[in-house]
Amino acid sequence: MTRRLTPAERLASAEKDLLLEELAAQSEWSQFLVEQAVFHFGLAHDTFSANDMRDVLPELGHGYLGAAINALRQGGVIEHTRLYVPSTSPATHGHPIAVWRLSVKGLVIAEQRRAARAERAA
């Protein structure tokens with residue numbers, strides 16, 4: 001039985017632009033895409049919440065958002081800021097939701113990916 005890669009390992013090894021066929025071949029490609037979106041959003045913003053992600057994800061991705069955030073948190077790629085904001089999702093009735101940021105591990109993964117892209121370009 002093969003070992004499943006952690007979210008951190010998937011992010012560290014994934015190319016920025018994967019072919020759709022490669023993604024579709026993965027059994028968990030939808031969650032993988034949402035994990036990638038959360039990671040890239042974290043690179044572009046100091047902090048973020050599920051509210052921010054719901055605004056940029058297509059409707060299909062909303063169902064994977066909680067699982068993606070949890071997987072990235074468990075993998076040490078993102079960390080809780082200890083801040084909360086009211087949810088903008090009507091289903092949650094304004095309950096508080098966590099505010100996140102990339103962890104040191106997430107920033108290291110980002111730098112490794114940048115260096116690998118630069119090396120391939122050279």
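In strand β3, the bridge partner of F48 is W100. F48 belongs to β1 (48-49), and β1 pairs with β3 (residues 96-102) in the antiparallel sense over 2 bridges. Strands here are DSSP runs of E with at least two residues, helices are runs of H or I with at least four residues, and both are numbered from the N terminus. Two strands count as paired if DSSP finds at least two bridges between them.

The model is predicted: local features need pLDDT of at least 70, side-chain atom pairs count only at pLDDT 80 or more, and totals for chains, interfaces and linings use all residues. Residues are numbered from 1 along each chain as its sequence is written, and side-chain values use heavy atoms, with hydrogens and water left out.

**Overall layout**

The protein chain has 6 helices and 3 strands. Along the sequence they follow the pattern α-α-α-β-α-α-β-β-α. The 3 strands form an open sheet in the order β1-β3-β2, with antiparallel pairing. β1 (48-49) and β2 (78-86) stand at the edges with a single partner strand each, so one side of each has no neighbour in the sheet.

Of the 122 residues in the protein chain, 36% are buried. Buried means under 20% relative accessible area, exposed means over 50%, and partly exposed lies in between (1.4 Å probe, protein chains only). The protein chain exposes about 7800 Å², and carbon and sulfur atoms supply 57% of that area. Accessible areas come from the Shrake-Rupley method with a 1.4 Å probe; for residues, only the protein chains shown count as cover. Among contacts in the protein chain with a separation of 6 or more, 61% are between residues 24 or more positions apart. A contact means heavy atoms within 4.5 Å.

**The aromatic pair**

F48 also takes part in a ring pair. The structure holds 1 aromatic pair. The ring centres of F41 and F48 are 6.1 Å apart and the planes stand at 80 degrees, so the pair is edge-to-face. The rule takes rings of Phe, Tyr and Trp (its six-membered ring) with centres within 6.5 Å; planes under 30 degrees apart count as stacked, over 60 as edge-to-face and the rest as tilted. Both F41 and F48 are buried.

**Salt bridges**

Side chains of opposite charge can pair when their charged atoms come close. A salt bridge is counted when a side-chain nitrogen of Lys or Arg lies within 4 Å of a carboxyl oxygen of Asp or Glu. By this rule the count is 2 salt bridges.

In one of them, the side chains of R101 and E79 meet at 2.8 Å, N to O. This pair links distant parts of the chain, with R101 in strand β3 and E79 in strand β2, 22 residues apart. In the other, the closest N and O atoms of R114 and E111 are 2.9 Å apart. R114 and E111 both lie in helix α6 (residues 104-121), 3 residues apart, which is about one turn of the helix.

The table gives the accessibility of the residues in these pairs.

| Residue | Relative accessible area | Class |
|---|---|---|
| R101 | 33% | partly exposed |
| E79 | 31% | partly exposed |
| R114 | 41% | partly exposed |
| E111 | 43% | partly exposed |

**N51 and its surroundings**

N51 is found in helix α4 (residues 50-56). At 9% relative accessibility, N51 counts as buried. The side chain of N51 makes a polar contact with the side chain of R54 at 2.4 Å. A polar contact is a pair of N or O atoms within 3.5 Å; within protein, one must be able to donate a hydrogen and the other to accept it, and residues adjacent in sequence count only if both atoms are side-chain atoms. A polar atom of the N51 side chain also lies 2.9 Å from the backbone oxygen of P86. Leaving aside neighbours within four places in sequence, N51 is in contact with V85, P86, S87, T88, S89 and I97.

**Positive phi angles**

R82 is not a glycine, yet has a positive phi of about 70 degrees. R82 lies in strand β2 and counts as exposed at 73% relative accessibility. H93, also not a glycine, has a positive phi of about 55 degrees. H93 lies in the loop between β2 and β3 and is exposed, with a relative accessible area of 68%.
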